[in-house]
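Hi everyone, thanks for making time today.

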Amino acid sequence: MSNQNFKVCLCWRRIFRIRVVEPPLDVQNAFHRFSPSGMMTVDELLRFLIEHQGEKNATKEEAQAIFDSLKHLNIFQRRGLHLDAFFRYLLGDHNLAHPPSKTVHHDMSAPLAHYFLFTGHNSYLTGNQVSSASSVEPIKDALLKGVRVIELDLWPNSKGNDVQVRHGGTLTSPVGLQKCLQAIKENAFNASEYPVVITFEDHLNPNLQKKVAKMVTETFGEMLYCTETENLEQFPSPESLKKKVLISTKPPKEYLEGNTAGEEISENESGTRNPPDGGEHVPDEDEKKVVPQYRQLIAIHAGKVKGGLENWLSDDPKKVRRLSLSEQELENATKTHGTKIVRFTQRNMLRVYPKGIRLNSSNYNPFVGWMHGAQMVAFNMQGHGKYLWIMQGMFKANGGCGYVKKPDFLLQMGPNDKIFNPNAQLDVKTVLTVKVLLGEGWHQDFHHTAFDCFSPPDFYARIGIAGVPDDRNMKKTKKIEDEWLPVWNEEFEFQIRVPELAVLRIQVLDNDTAGRSDFGGQACLPVLELRTGIRTVPLHNKKGNRYKHVRLLLSIKFGPDY
């Protein structure tokens, strides 16, 4: 044990003793059940993995690997694991509730429209939407975290002879398009070998579109996927597109001539004024020139057909396309066209983007889009907050490859060609029970006055389900006062109706009676990939980066299924 001193005034210090965390009762009971002699052998550890942890396919070699991983500890003994060594194993990276496996286990041979894609918005911005710098660094960071859809806004430079990437109509600084394309090429497939989609918001004349076509073609070469025909009846699969780059934008002729207010125009975050929906734009002579090199780049054609929402969501059996809606447009559409959106997204792509007033790069509830089958729920990856944490948690699924297969109910027709109704009352499918045992690591990763200048923190945990409206449920533990190693031993039960779209959300806070509670870490994990038994969950900072030592120990079980 060690002591910590907190200076209260010139002549008074408060001294607190940091105790050593001890195995909770659940750990003790499990240990003695499987190792009655008080020393757990490899065979007994294997039986624990199979019977208690639910690892039905565990092998003796895996149990031996756990033994070997503990040999560097002073508490390890050759004859087997005693209680303290067993406890350290449970708190270690060999026992994660959601292991960071790179194994892709979803069927990747279906059309692209059958997947949720990890999607960025204004991927080049380093901060807010108004005055931050544009850079290749956020693009690199996003790709290295598994993001598969990168958005670039293309504008002429001040001389009109080159292409910049910037947020038009704002004070954001530009970055060259060539730098962005090169950054994508160099980082596209480090985190995942599945395809990267680049969405262009195009504000260029035909001459600059031709220049973009040359840049893209020369930069990506054979990595670039181009279709043989403009009118695809079905998108190709992620499996067939491994290590390929796809361009998605509005075809230039449609952009220039009498276009309806598609997202590339109507998103209007740049502050430019656009024609109303259905309004005609009279092209000049230059605009009549269609640039075939640019058009041929487009693998996923975007744009809205003329008319209102009913027409936008029409499904042409001979041609698939991408539609873009703002988060507000989507919310409004779901009130009257919920099943039609689901039907549209069974073959076509739907991209949802943040409304223009999110100037601080905040984000929105992604489940509105996911529940209606929207494949590209575009987020400001440079921000932080609960919705971004949920997004990051969702895409930890399927080996973190950036593609998550949509649930069957969003892809299939029911009896009499019935489409899933997202607004219908849903039945409970399963129950998740989580017992929050304890936490550790804050005194190693934080300064001793990080939470309170005069005492150790008063931690409590919030735990719950992020998901469809009927599944959303957050609960919290009691606070443990003046303690770096909080022991809660509190159990919570969650009824889940759509486990395919459910994310376990955890947050630890330091209770502050004088104001807002201080952040102590968070984690979001896909419910369907949680491992049962006694498991550890490393916590992350606000940006989603993992702390070195901070973690919780949980007991997790499912059932009964309904």
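Let me start with a question: how do the axes of helix H5 and helix H6 cross, and within what distance do they come? One word of caution before I reply: what you see is a predicted model.

So, to the helices. H5 covers residues 137-144 and H6 covers residues 177-187; their axes come within 9 Å and cross at roughly 20 degrees. An angle under 35 degrees counts as roughly parallel, so H5 is roughly parallel to H6. The crossing of these two, H5 and H6, is right-handed. On the H5 side the contact is made by Ile 139, Lys 140, Leu 143 and Leu 144, and on the H6 side by Cys 180, Ala 183, Ile 184 and Asn 187. Sorted by class, the residues where H5 meets H6 are six nonpolar, one polar and one charged.

Let's step back to the whole protein for a moment. There are 15 helices and 21 strands. The protein has 562 residues, and 56% of them count as buried. If you take contacts between residues at least 6 apart in sequence, 72% of them join residues at least 24 apart.

Now back to helix pairs, with H2 as our guide. Helix H1, residues 25-34, and helix H2, residues 42-51, have axes that come within 9 Å and cross at roughly 125 degrees. That angle makes H1 oblique to H2. The contact involves Ala 30, Arg 33 and Phe 34 from H1, together with Glu 44, Arg 47, Phe 48 and Glu 51 from H2. By class, that gives three nonpolar, no polar and four charged residues between H1 and H2.

H2 also pairs with helix H4, residues 83-90, where the axes come within 14 Å and cross at roughly 40 degrees. H2 and H4 are therefore oblique to each other, and their crossing is right-handed. Which residues of H2 and H4 make the contact? From H2 they are Leu 45, Phe 48 and Leu 49, and from H4 they are Phe 86, Tyr 89 and Leu 90. The classes here are six nonpolar, no polar and no charged residues for H2 with H4.

Trp 442 is worth a look on screen: leaving aside residues up to four places away in sequence, its contacts include Phe 451, Trp 484, Trp 488 and Leu 539.

I'll finish with two backbone details. Lys 243 has a positive phi of about 60 degrees although it is not a glycine. You can find Lys 243 in the loop between H7 and strand E8, and Lys 243 is partly exposed, with a relative accessible area of 47%. The other is Asn 489, also not a glycine, with a positive phi near 55 degrees. Asn 489 lies in strand E17, residues 487-496, and is partly exposed at 34% relative accessible area.

Definitions and conventions
Residues are numbered from 1 along each chain as its sequence is written. This is a predicted model: local features need pLDDT of at least 70, side-chain atom pairs count only at pLDDT 80 or more; totals for chains, interfaces and linings use all residues. Side-chain values use heavy atoms; hydrogens and water are left out. Axes are lines fitted to C-alpha atoms, for helices over the stretch in contact, and angles run from 0 to 180 degrees between N-to-C directions. Helices (H or I, at least four residues) and strands (E, at least two) are DSSP runs, numbered from the N terminus. Angles under 35 degrees count as roughly parallel, over 145 as roughly antiparallel, 65 to 115 as roughly perpendicular and the rest as oblique. Contact means heavy atoms within 4.5 Å. Ala, Val, Leu, Ile, Met, Phe, Trp, Tyr, Cys and Pro count as nonpolar, Asp, Glu, Lys and Arg as charged, and the others, Gly among them, as polar. A crossing is left-handed if the near helix is turned anticlockwise from the far one by less than a right angle, and right-handed if clockwise. Buried means under 20% relative accessible area, exposed over 50%, partly exposed in between (1.4 Å probe, protein chains only).
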